[in-house]
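My entries follow in the order in which I looked.

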Amino acid sequence: MSKIAKTPQPPYFAVIFTSERTDGDNEYAEMADEMEKLASVQPGFLGVESAREGVGITVSYWESLEAIQKWKQNERHLVAQRKGISDWYLTYKTRVCKVERDYGFEKV
């Protein structure tokens with residue numbers, strides 16, 4: 001099964017979260033799993049992809065800017081954001097983009 005998100009035809013939106021972590025887990029993995037499950041049931045959520053090799057990159061896909069804003073304001077997500085600043089990240093950057101075009105290949 002592919003780990004690449006199945007997204008609809010554009011346009012849709014992407015939130016790119018890039019980070020550098022502090023040392024140690026400090027309950028990060030548990031919260032990351034919780035956030036992925038919680039995001040997946042939010043209205044407007046389309047999918048997520050994530051990788052970490054020194055720098056972590058998580059890209060989540062959304063139907064609208066309003067859906068992104070509601071996710072940003074989700075009560076449990078706010079807790080995770082505060083923990084990120086206090087415990088988990090040395091630095092991070094969030095970018096919100098409109099996907100105008102996408103294409104790909106899948107060997108079957």
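I began with the outward side of H1, where the face turned away from the buried side carries the exposed residues Glu 30 and Lys 37. I note here, before going further, that this is a predicted model.

Next I listed the buried residues of H1, and they are Tyr 28, Met 31, Met 35 and Ala 39. Looking down the axis of H1, I found that these buried residues fall within an arc of 65°, so they line one face of the helix. I then looked up what covers them, and the cover includes the strands E1, E2 (45–53), E3 (55–62) and E4 (89–99), together with the helices H2 and H3.

I also checked the length of H1: at 1.5 Å a residue its 13 residues should span 18 Å, and because the end C-alpha atoms are 18 Å apart, the two values agree.

**Nonpolar cores**

I turned to the largest nonpolar core, which has 14 residues, and the residues with the most contacts inside it are Met 31, Met 35, Ala 39, Trp 62, Ile 68, Trp 71 and Trp 88. At least two residues of this core come from each of E1, H1, H2 (65–72) and H3 (75–88), and H1 gives the most, with four residues.

From that list I picked Ile 68 and asked which residues it touches, not counting those up to four places away in sequence. The answer is Phe 13, Val 15, Trp 62 and Val 96.

I then recorded a second, separate core of seven residues, among them Tyr 12, Ala 14, Leu 46 and Val 99.

**Backbone details**

I looked up the peptide bond from Pro 10 to Pro 11, and it is cis, with omega near 10°. Pro 11 sits in the segment before strand E1 (12–21).

Definitions and conventions. Residues numbered from 1 in each chain as written. Predicted model: local features only at pLDDT ≥ 70, side-chain atom pairs only at ≥ 80, totals over all residues. Heavy atoms only, no water. Core = buried A, V, L, I, M, F, W, Y, C linked by side-chain atoms within 4.5 Å. Buried < 20%, exposed > 50% of the residue type's maximum accessible area, 1.4 Å probe, protein only. Contact = heavy atoms within 4.5 Å. Expected span 1.5 Å × (residues − 1). Arc of directions from axis to C-beta.
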